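Take a look at the model below. This briefing walks through it topic by topic.

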Amino acid sequence: MKRLIIICEGETEQEFCKDVLYNHFFSRDIVIETPLIKKSRGGSVAWEHIQSQILLLLKENVTCMLF
């Protein structure tokens, strides 16, 4: 089974992924994970924080998408 990580800005985006996207991807043998952006409080986050989180995830050899 493949793994897709969708980094979410806040809990609303995270819930959308779980409620709407999870079953769609799971039926195609893809499990999604929805971590929140570190240092996010539901608003704009400096690119440096997002970039460092993406780079850590890429070291795990995963596909990631910002949502």
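The points below go from the whole chain to single residues.

This is a predicted model. The chain has two helices and three strands. From the N terminus, these elements follow the order β-α-β-α-β.

**The chain as a whole**

- The chain counts 67 residues, and 30% of them are buried.
- Take the contacts between residues at least 6 apart in sequence: 64% of them join residues at least 24 apart.
- The chain exposes about 4800 Å². Carbon and sulfur atoms supply 53% of that area.

**Helix H1**

- Helix H1 covers residues 11-26.
- H1 has a kink of about 40°, and the kink is centred on Val 20.
- Three residues of H1 are buried: Gln 14, Cys 17 and Leu 21.
- These buried residues pack against two strands, E1 (2-7) and E2 (30-33).

**Glu 11 and Thr 34**

- Glu 11 is part of helix H1. Thr 34 sits in the loop between E2 and helix H2 (47-58).
- Are these two residues buried or exposed? Glu 11 has a relative accessible area of 59%, so it is exposed, because exposed means over 50%. Thr 34 has a relative accessibility of 10%, so it counts as buried, because buried means under 20%.
- Glu 11 and Thr 34 are 23 residues apart along the chain, and their C-alpha atoms are separated by 9.5 Å.
- Which residues does Thr 34 contact, leaving aside its neighbours within four places in sequence? They are Ile 6, Cys 8, Gln 14, Cys 17 and Lys 18.

**The aromatic pair**

- A pair of aromatic rings is described by the distance of the centres and the angle of the planes.
- The count comes to one aromatic pair. The rings belong to Tyr 22 and Phe 26.
- Their centres are 5.6 Å apart and their planes meet at 15°, so the pair is stacked. The reason is the cut-off: planes under 30 degrees apart count as stacked.
- Both residues lie in helix H1. Tyr 22 and Phe 26 are four residues apart, about one turn of the helix.
- Tyr 22 has 29% relative accessibility and counts as partly exposed.
- Phe 26 has 39% relative accessibility and also counts as partly exposed.

**The cysteines**

- How many disulfides does the structure hold? It holds zero.
- A disulfide needs sulfur atoms within 2.5 Å.
- Cys 8 is buried, at 0% relative accessibility. Cys 17 is buried too, with a relative accessible area of 0%.
- Both cysteines are also among the contacts of Thr 34.

Conventions:
Residues numbered from 1 in each chain as written. Predicted model: local features only at pLDDT ≥ 70, side-chain atom pairs only at ≥ 80, totals over all residues. Heavy atoms only, no water. Buried < 20%, exposed > 50% of the residue type's maximum accessible area, 1.4 Å probe, protein only. Contact = heavy atoms within 4.5 Å. Areas by Shrake-Rupley, 256 points an atom, 1.4 Å probe, with all protein chains shown as cover. Bend = angle between axes of the 7 residues up to and from the residue. Phe/Tyr/Trp six-rings, centres within 6.5 Å; stacked < 30°, edge-to-face > 60°.
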